[in-house]
Every structure is written in C-alpha cells, then in structure tokens.
Amino acid sequence: MSRIGKNPITIPAGVTVEVKDSVVVVKGKLGELSQAFDKVDVKVEDGQVIVERSSDVKEERAKHGLYRSLINNMVVGVSEGFTKELELVGVGYRASNQGQKLDLALGYSHNIVLEIVNEVKVETVSEKGKNPIVKLSSADKQLVGQVAAKIRSFRKPEPYKGKGIKFVGEVLRRKAGKSA
C-alpha cells in the first residue's frame, strides 16, 4: 500500500471539494483548481478526501500516491497559497516589475522582459546593499514552480563565484578556482 496514498486529506474551513466525472474541483478563498484523474477512486467523506485504488496493478499503485499529492497541493493552494523567492546574485543584476511584466537585467547586452501569467502574482524587492529578490505567489504549486524555473533558466548560478539566479535558501556547490 502506498504510504502517501492511504493518508486522508483533511479539508480546511472555507474549502469545498467536488468530484465529477473523474475530475476533482477544489474551491477556496484564493481561487479554484481542477485536476483530472484515472485508475483511482476519489471520495469526499466527513470533511476528508480519500484516494483509493481497486487493485495492485503497477500503474494503479504508481498513480495512487501521485493523485493524493496533487489533490493535497490543490487544497493547500486554495487555502494558503504557495510562494517562491528567487535571489539575483551578481554585480549589476536588477529586477523590476510593472504589473505582470518582469524586467530583468542579468549582465547581457539587453534586458529580459518576461510576461508572467495572471494566476501568478509577482513582486520585486530591491534594498540597498542586498541582492534583488523576485517573489512569486499563486494557488497553483505547479505553475509557481514552472515560472520560477523559467526565470532561473535565464542565468543559472555558476559554481565559482555563485553568480546567477538562485532560490532563496538554496545551497550551491562551490568549486575552488585556479590554485597556485
């Protein structure tokens, strides 16, 4: 039995979960998310969501924990939300936003302007003497991670000086440079 899949998901106050035609719809104060599923049974009972499988076929065992985690992330997302923070490390690296447009100066000959989807809220923090920080927040965990990965891909941190875009709290593996 999947250890993750057999755990029930408790539904917090203010969140509604509906199951219709192999689609789970979760509504809360931060929005509405939906997820299609197959090979498993999803039931809403006594303020809990229970994900069950009918047999021990390998594909059903694999999807049991997966769909439980996806539904749990949807419930947490519509009630609390998810945030990712990216830090720009490097001389002259800057970030600013006008609405949903993120403007990044990353040492290239041009600035990179990225249009962020409306579901993700973007905020930039620039304090004197500190590295600029880009804060992304949304109810959809997958979408926040995907946007953060896209921003990080513009200038990944390099192992010698640590310059680039990294997640706040990320520990980089550093290398020694030329040694005499």
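This is a predicted model: local features need pLDDT of at least 70, side-chain atom pairs count only at pLDDT 80 or more; totals for chains, interfaces and linings use all residues.
A residue counts as buried when its relative accessible area is under 20%, as exposed when that area is over 50%, and as partly exposed in between. With this in mind, E170 is partly exposed because its relative accessibility is 26%.

- An open sheet is formed by 3 strands, which lie in the order 2-3-4 and pair in the antiparallel sense.
- The edges of this sheet are strand 2 (16-20) and strand 4 (31-36), each of which pairs on one side only.
- On average, neighbouring strands of this sheet are turned by 15 degrees against each other, if direction is ignored.
- Helix 1, made of residues 58-79, packs on the sheet and touches strand 2, strand 3 and strand 4, while its direction makes about 175 degrees with that of strand 4.
- Strand 2 is joined to strand 3 (residues 23-28) by 5 bridges, and T16 has K27 in strand 3 as its bridge partner.

- Strand 8 (residues 94-98) and strand 9 (residues 101-105) run antiparallel and are joined by 5 bridges, with Q98 having K101 in strand 9 as its bridge partner.
- These two strands, strand 8 and strand 9, form a hairpin with 2 residues between them, and G99 in the turn has a positive phi of about 70 degrees.
- Strand 9 also pairs with strand 10 (residues 112-115), in the antiparallel sense and over 4 bridges, and here K101 stands opposite E115.
- The hairpin of strand 9 and strand 10 has 6 residues between the strands, and G107 in its turn has a positive phi of about 90 degrees.

**Salt bridges**

- Side chains of opposite charge can pair when their charged atoms come close.
- In the whole structure, a search finds 9 salt bridges.
- One of them joins the side chains of E170 and R152, at 2.8 Å from N to O.
- Since E170 lies in the segment after strand 13 (164-167) and R152 lies in helix 2 (residues 141-152), this pair ties together parts that are 18 residues apart in sequence.
- R152 counts as buried, because its relative accessibility is 18%, whereas E170, at 26%, is partly exposed.
- Salt bridges that share partners also join D38, E59 and K63 into one network.
- E52 and K43 meet through their side chains in a salt bridge of 2.9 Å, N to O; E52 is partly exposed at 32% relative accessibility, and K43 is partly exposed at 35%.

Key
Residues are numbered from 1 along each chain as its sequence is written. Side-chain values use heavy atoms; hydrogens and water are left out. Two strands pair if DSSP finds at least two bridges between them. Axes are lines fitted to C-alpha atoms, for helices over the stretch in contact, and angles run from 0 to 180 degrees between N-to-C directions. Contact means heavy atoms within 4.5 Å. A salt bridge is a side-chain nitrogen of Lys or Arg within 4 Å of a carboxyl oxygen of Asp or Glu. Buried means under 20% relative accessible area, exposed over 50%, partly exposed in between (1.4 Å probe, protein chains only).
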